[in-house]
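Here is a short note for a colleague opening this model. Please read the points with the structure in view.

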Amino acid sequence: MSTYEKLYKIYEKYMAEADKMVREAYEAKRHPEFMEVDELRGKLLAISEITNNEFMSKKAKEKEEEVANMIFDL
């Protein structure tokens with residue numbers, strides 16, 4: 001498996017994790033633990049920084065912002 005394929009699998013995992021966290025938070029109308037949110041945001045930012053793929057970088061950054069905004073919305 002190439003480095004890109006590994007990175008893409010990690011990217012997909014974190015994006016799915018973020019989608020689930022945001023969806024569950026809005027359904028429960030309360031935010032998850034700050035430590036979990038910060039950890040996930042850090043992972044998404046790391047992906048956006050280390051990838052050469054502009055699409056992946058942009059989407060990871062957007063998802064990080066969505067997770068951050070969820071905290072303020074709730």
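**Notes on the core, a serine and a pocket**

1. This is a predicted model. Its largest nonpolar core has 17 residues, and Leu-44, Val-67 and Met-70 touch the most other members. Helix 1 gives the most, with eight residues. In soluble globular proteins, nonpolar side chains tend to be buried together.

2. Look next at Val-67. Leaving out residues up to four places away in sequence, Val-67 touches Ala-18, Met-21, Val-22, Val-37, Arg-41 and Leu-44. One of these partners, Leu-44, is also among the residues that touch the most other core members.

3. Now turn to Ser-48. This serine lies in helix 2 (residues 34-50). Is Ser-48 buried or exposed? Ser-48 has a relative accessible area of 7%, so it counts as buried, the cut-off being under 20%. A polar atom of the Ser-48 side chain lies 2.8 Å from the backbone oxygen of Leu-45. Beyond four places in sequence, Ser-48 touches Ser-57, Ala-60 and Lys-61.

4. Last, the pocket. The largest pocket holds about 150 Å³ of space. Its lining consists of Glu-17, Lys-20, Met-21, Glu-24, Ala-25, Arg-30, His-31, Pro-32 and Glu-36. Which element gives the largest share of this lining? Helix 1 (residues 3-28) does, with five residues. By class, the lining has five charged residues, three nonpolar and one polar. Met-21 is part of this lining, and Met-21 also touches Val-67.

Definitions and conventions:
Residues numbered from 1 in each chain as written. Predicted model: local features only at pLDDT ≥ 70, side-chain atom pairs only at ≥ 80, totals over all residues. Heavy atoms only, no water. 1 Å grid on protein atoms, 1.4 Å probe; cavity = no way out; pocket = protein on both sides within 12 Å on 5 of 7 lines; lining within 4 Å. Points joined across faces, edges and corners; volume = space filled by probe spheres on them. Helix = DSSP H or I, 4+ residues; strand = E, 2+ residues; numbered from the N terminus. Nonpolar A, V, L, I, M, F, W, Y, C, P; charged D, E, K, R; others polar. Buried < 20%, exposed > 50% of the residue type's maximum accessible area, 1.4 Å probe, protein only. Polar contact = N/O pair within 3.5 Å; in protein donor to acceptor, adjacent residues only side chain to side chain. Contact = heavy atoms within 4.5 Å. Core = buried A, V, L, I, M, F, W, Y, C linked by side-chain atoms within 4.5 Å.
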